[in-house]
Amino acid sequence: MTKRYLFAGFGGQGMLLIGKFVAMACMLEGKHVSWLPSYGPEMRGGTANCSVIVSDDPIGTPMVDKADAVVAMNLPSLLKFENSVKPGGVLVVNSSIIDRKVERDDIKVVYCDANKIAEEVGNPKGANVAILGALMAKDPACSTESMIEAIRIELGERKARFLEGNKKALFAGMEAANK
């Protein structure tokens with residue numbers, strides 16, 4: 001089993017972080033992973049994306065040209081990566097800020113109102129984790145338990161207070177995608 005993911009948005013939306021969550025969760029399950037960030041020179045507001053590959057076998061290259069799943073957090077990311085989803089793959093769109101519909105009919109599309117979900121669970125900065133939950137509902141790379149443990153590890157002691165809010169956002173995103 002090999003899965004290729006692209007997480008894309010602008011700086012500050014947490015795309016690199018949720019890519020780390022996926023990589024860590026899969027490492028905890030003994031899988032081979034690669035995590036490759038790509039971002040502009042701006043700290044916030046510039047483009048930011050990362051590719052994650054998860055495999056039962058060693059990974060030869062971290063590059064992803066065609067992904068099993070793409071998360072598009074903003075319109076420029078959707079425009080850039082919509083055609084990077086393999087036929088039959090999954091495209092998760094942040095419908096909170098993207099009002100354009102996906103033009104392809106050969107992929108599964110999930111419209112996730114990630115910002116609204118994050119607000120509703122009391123974690124306004126958790127839109128990235130809400131959209132991760134939507135992705136996990138449709139194309140899981142790991143168990144929910146491993147993902148929660150990965151979030152705990154990546155947050156570390158300094159940000160441990162955000163774990164519960166992120167768990168709420170993750171589960172709410174999963175639930176919304178399954179409606």
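Colleague: What percentage of the contacts in the protein with a separation of 6 or more is accounted for by residues 24 or more positions apart?

Modeller: This is a predicted model, in which local features need pLDDT of at least 70, side-chain atom pairs count only at pLDDT 80 or more, and totals for chains, interfaces and linings use all residues. Residues are numbered from 1 along each chain as its sequence is written, and side-chain values use heavy atoms, leaving out hydrogens and water. A contact means heavy atoms within 4.5 Å. Among contacts with a separation of 6 or more, the share from residues 24 or more positions apart is 56%.

Colleague: Which residues touch the most other members of the largest nonpolar core?

Modeller: Such a core is a set of buried Ala, Val, Leu, Ile, Met, Phe, Trp, Tyr and Cys residues joined through side-chain atoms within 4.5 Å, where buried means under 20% relative accessible area with a 1.4 Å probe, protein chains only. The largest has 44 residues. Those touching the most other members are Phe 7, Val 22, Val 92, Leu 132, Met 147 and Leu 170.

Colleague: How many residues form the second, separate core?

Modeller: This core includes Val 70, Leu 78, Val 85 and Val 93. Buried residues make up 50% of the 179 residues in the protein. The number in the second core is 15.
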